[in-house]
Amino acid sequence: MNKKIKKASRHTNQSEGLIFEKSSPGKRAFELPPLDVPVADPAKALGANHRRAGIDGFPEVSEIEVLRHFTRLSTWNYAIDLGMYPLGSCTMKYNPRVNEFIARLDGIATEHPYQPQELSQGCLKILRLLEKCLLEITGMDAITLQPAAGAHGEMTGLLLIRAYLQKQGNPRKRVLIPDSAHGTNPATAVIAGYEVENIKSESHGQIDVEKLRDQVTGDVAALMITNPSTLGIFEQRIPEIAEILHAKGALLYMDGANMNALTGVTRPGDLGVDVMHLNLHKTFSTPHGGGGPGAGPVAMKKILEPFRPLPILVEKEGGRLALEPVRPDSIGRVKAFAGNFGVLVRALAYILAYGPGVRQATEDAVLNANYIRKQLEGAYELPYSLPSMHEVVFSDAIQKKSGVSTMDIAKRLIDYGFHPYTTAFPLIVPGALMIEPTESESMEECDLFIDAMKAIAEEAATKPEIVKTAPHTTRVRRLDEVGAARKPILRWKPAAPQSEAAD
Amino acid sequence: MRYLPKSPAERQEMLAAIGAKSIEELFSSIPDRFRLRATLDIPGPYSEAEVIQYFKDRAAENSNGYTSFLGAGVYNHLRSVVTDAIIQRGEFLTSYTPYQAEITQGTLQAIFEFQTLMCQLTGQEVANASMYDGSTATTEAVLMAERLTGRQRVLVARSVHPEYREVLKTYAKNSGLRVEEIPFTASGTVDANALQAVVKDDVAAVVVQSPNFFGVIESYAPLVDVTHTAGAMFVVAIAEGVSLGLVRPPAEADIVAMEGQSFGLPPSYGGPFAGVIASRDRFVRQMPGRLAGQTTDSEGQRGFVLTLATREQHIRREKATSNICTNQALCALAATVHLTLLGKEGLREMAEQNLSKAQFALSELLKIPGVRRTFDAPFFNEFTVELPRSVKIVNGHLLRDKIIGPLALGTPYPQLTKHALVCVTETTTRAEIERFANAVKLALERPI
């Protein structure tokens, strides 16, 4: 590896088997306080045929072993806390630790969703303030905090559209989705009962507005648009797009995955968007946690408000807040209880920390992306030349000539101490390198990343093998994904299986 | 701003490198008339101390200091501080979905362990990496059964959590699924005769919950045979996972949909929790959500990857088995750590304490004149009693004694007006149970 690269060096980490392999009968890591009521006989209380003997293979280990096991596993992960995570479309920004602290407070983490609402005013005020902040940021009229993630928000948004159109007599048949969209968009449209019509981007990667005029017919319910698009480019003709849809009675859905480019700078509500979701685990910094949990609030225009999912947060006389479980036109419940409350709490904490200054975060995110774009232009091909917002998409066209693909470059980036960027997405760019630095990276970290990317470009040209066989410094080397899918091993099994008596 | 790592001079330097005169120039692609000129009307900026104070003030407006007898899908259980210590490690907390397997082996191995634990608990052969919660897991289980059978009629026991059924109906409305409900018997169990009368070869799934919403443990035998005879999938929802420490798992089910909240996750006003789908190996290709699988690297070492991704939306788009992408990974990790801490003996003992405390609470309540048990079938840590007076009025009196009373069943089940769903876990002390029973007694003795 190039000695001038300051970021990464070798380190060791420890081997660790599966927790089941460390188990030994009689060990335990948890003790309960003694039982203070008479012992019930399970066989008598449950009936012999309901009673379970024991759980074969369940771990039996001590507390220190549990702690070490998971601590060792944790050291095999990359994380934002370790460095830049330039995953395009994922907005991997700093997760403030105070948000973890407040989400665990007594009176926040301890509250039961069915406790009396007069004893839940604190929870409801948090939800209310978050609603207000998100409405101000999006420029929309109404919101639901119920959805548990972005895709769940997409579904909620499309069900709102469907209910609105149904109320007018016809839910319509099709949803238009650009070829650059996230995979969740088409998958969601199907769950909402729509047929998907994929539409081709024009040569600059934008929606082909002239073609759209023909594509929007009387059976189109909505267009799902991502803005900025997954190319990181602002969809400049979005107000015109909204007009085309509205003229035919269709609605404009905006995937808010890229809201980190717009917060405080422009508002989707002002651009003609009818309904959108936000990914609080992206733009509003709630931790990704290895894949979740998230939250996907859906903000909408007035016309969709009557259809919001249950329960609905309302303000009663005297300022008392309540969650109402019934509304005649509601699409119904999309999830039990009151949304992913603990995630919503963290997002509000993030917003309060910035206040109106959240605009600065947007500016820094766009500044970082453009800085990286400028420095890497030439080393990597830029397939679309329109201005970048919060992320930049290159392609591996130059490196392909020496047989090096975006995936190889991504894996080599690991050796340089970075998490890879998003590979092979969006689908309209063959061999895409999708880079989103977020505002959380200092100039120094951006420079380290640029150095690494340039060094890899040089390696690809001069010694491609080292790139193609990367990573070289990780605990495991490239893993056999084909084998994993062909003969799936999806759980641990004991070497000598015992039978479970009561089963 | 403390979260932003740039000095004003660095911002200028970066702008200069880009060749832009101002930050405004970088936003030139946004038409001028849509550029926000006004300052956002949101509170802040708050220092860390102010953020903490805001939430402490809100916390003080909630139920601090009250003893609760609520369950109904969200349970208070003991949690070791070790769980939070682990899941707050930045390497887990701030890591992304483990698509880059070489640098996310920690998350991947933990998911593999989670899948194994879920199989062991439920008696199933394969479990996924998590769904949003028990309600959406139940719905996704039904959608999976629809794909497996090619049928569109679904029979759901009325004793399944009312909110789970509502979520299912929301999804069903637009996908052509027809949802019908199966009544419960005087014992509180699914009415097997009623099921037999309507289950036909057009039914995709029969959905029951155990312990059901009334806390009653279902007997699967009379239900599963008629379901399978009709060629339908037998789907079991589990809202209280701790029951599996003591109660026989639904090994005969085709799909199990479970809520993992009881495994180390705080109530948190309803979320985030961790839904689980577990099933048979032969159905795995129709499962929704992520799966971690074991494999080897190019040097033959054991490692783990996300696998069978051709079921998922990022590959299959409109042909995916589900639209789920982000799941509840950190909650699943918490459940993994918690269950590992509890271990075989700890989980059994916790389940036994729940059973004993609930039995004790029932016997205390039955000493009160006019209070009687609604259903006589076996229960785990929740049971239903009928009061001689409105549950809401009794609960109103209990609040004055800082007791949050049991759930009134009259709203979800109009025929169960005056019936209450009482939940007691290992966290409820004998003294609290006695104080509760006494307060109920006094409330019932008060003149109307």
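This is a predicted model: local features need pLDDT of at least 70, side-chain atom pairs count only at pLDDT 80 or more; totals for chains, interfaces and linings use all residues.
Colleague: How many helices and strands does chain B have, and what are its dimensions?

Modeller: Chain B holds 13 helices and 15 strands. Its C-alpha trace spans about 85 × 55 × 50 Å along the principal axes. Of its 448 residues, 62% count as buried.

Colleague: What makes β6(B) a mostly covered strand?

Modeller: A residue is buried if 20 or more other C-beta atoms lie within 10 Å of its own. In β6(B), 6 of 6 residues are buried. On one side these are Met233(B), Val235(B) and Ala237(B), and on the other Phe234(B), Val236(B) and Ile238(B), so that both faces are covered.

Colleague: How do you know that β5(B) and β6(B) pair, and in which sense do they run?

Modeller: Pairing requires at least two bridges between the strands. Strand β5 (residues 203-209) of chain B is joined to β6(B) by 5 bridges, and the two run parallel. Val206(B), for instance, stands opposite Phe234(B).

Colleague: Which strand pairs with β6(B) over 4 bridges?

Modeller: That strand is β7 (residues 255-259) of chain B, and the pairing is parallel. Within β7(B), Met258(B) is the bridge partner of Ile238(B).

Colleague: Why is the unit of β5(B), α9 and β6(B) called right-handed?

Modeller: The term applies if, with the strands pointing away from the viewer, the path from the first strand over the helix to the second runs clockwise. The unit made by β5(B), helix α9 (residues 221-229) of chain B and β6(B) is assigned to that class. In chain A, the crossover from β2(A) through helix α6 (residues 184-191) to β3(A) is likewise right-handed. Strands β2 (residues 174-178) and β3 (residues 195-199) of chain A pair in the parallel sense over 5 bridges, with Asn198(A) in β3(A) as the bridge partner of Ile177(A).

Colleague: What makes the length of α7(B) close to the expected one?

Modeller: Helix α7 (residues 162-175) of chain B has 14 residues, and the distance from its first C-alpha to its last is 20 Å, against an expected 20 Å at 1.5 Å a residue. After the helix comes Gly176(B), with a positive phi near 80°.

Colleague: Why is α7(B) described as largely enclosed?

Modeller: Because 10 of its 14 residues are buried, the rest of the structure largely encloses α7(B). Among the buried residues are Tyr164(B), Leu168(B) and Tyr171(B). The buried residues pack against elements of both chains, including α5 (150-167) of chain A and β6 (233-238) of chain B.

Colleague: Why are β11 and β14 of chain B said to stand at the edges of their sheet?

Modeller: The open sheet has 4 strands in the order β11-β12-β15-β14 (chain B), with antiparallel pairing. Each of β11 (372-373) and β14 (407-408) has a single partner strand, so one side of each lacks a neighbour in the sheet. β14(B) pairs with strand β15 (residues 419-423) of chain B over 2 bridges, and Ala408(B) has Ala420(B) as its bridge partner.

Colleague: Which helix lies across β11, β12 and β15 of chain B?

Modeller: It is helix α11 (residues 329-366) of chain B, which runs at about 10° to β12(B).

Colleague: How many residues of chain A are in contact with chain B?

Modeller: Contact requires C-beta atoms within 7 Å. In chain A, 171 residues are in contact with 166 residues of chain B. Helix α10 (residues 358-376) of chain A supplies the largest share of chain A's side, 10 residues. That side divides into 96 nonpolar, 44 polar and 31 charged residues.

Technical notes
Residues are numbered from 1 along each chain as its sequence is written. Chains are lettered from A and ligands numbered from 1 in the order in which they are written. Two residues are in contact if their C-beta atoms, placed from the backbone, lie within 7 Å. Ala, Val, Leu, Ile, Met, Phe, Trp, Tyr, Cys and Pro count as nonpolar, Asp, Glu, Lys and Arg as charged, and the others, Gly among them, as polar. Axes are lines fitted to C-alpha atoms, for helices over the stretch in contact, and angles run from 0 to 180 degrees between N-to-C directions. The expected span of a helix is 1.5 Å times one less than its number of residues. A residue is buried if 20 or more other C-beta atoms lie within 10 Å of its own, exposed if 12 or fewer, and partly exposed in between; C-beta atoms are placed from the backbone.
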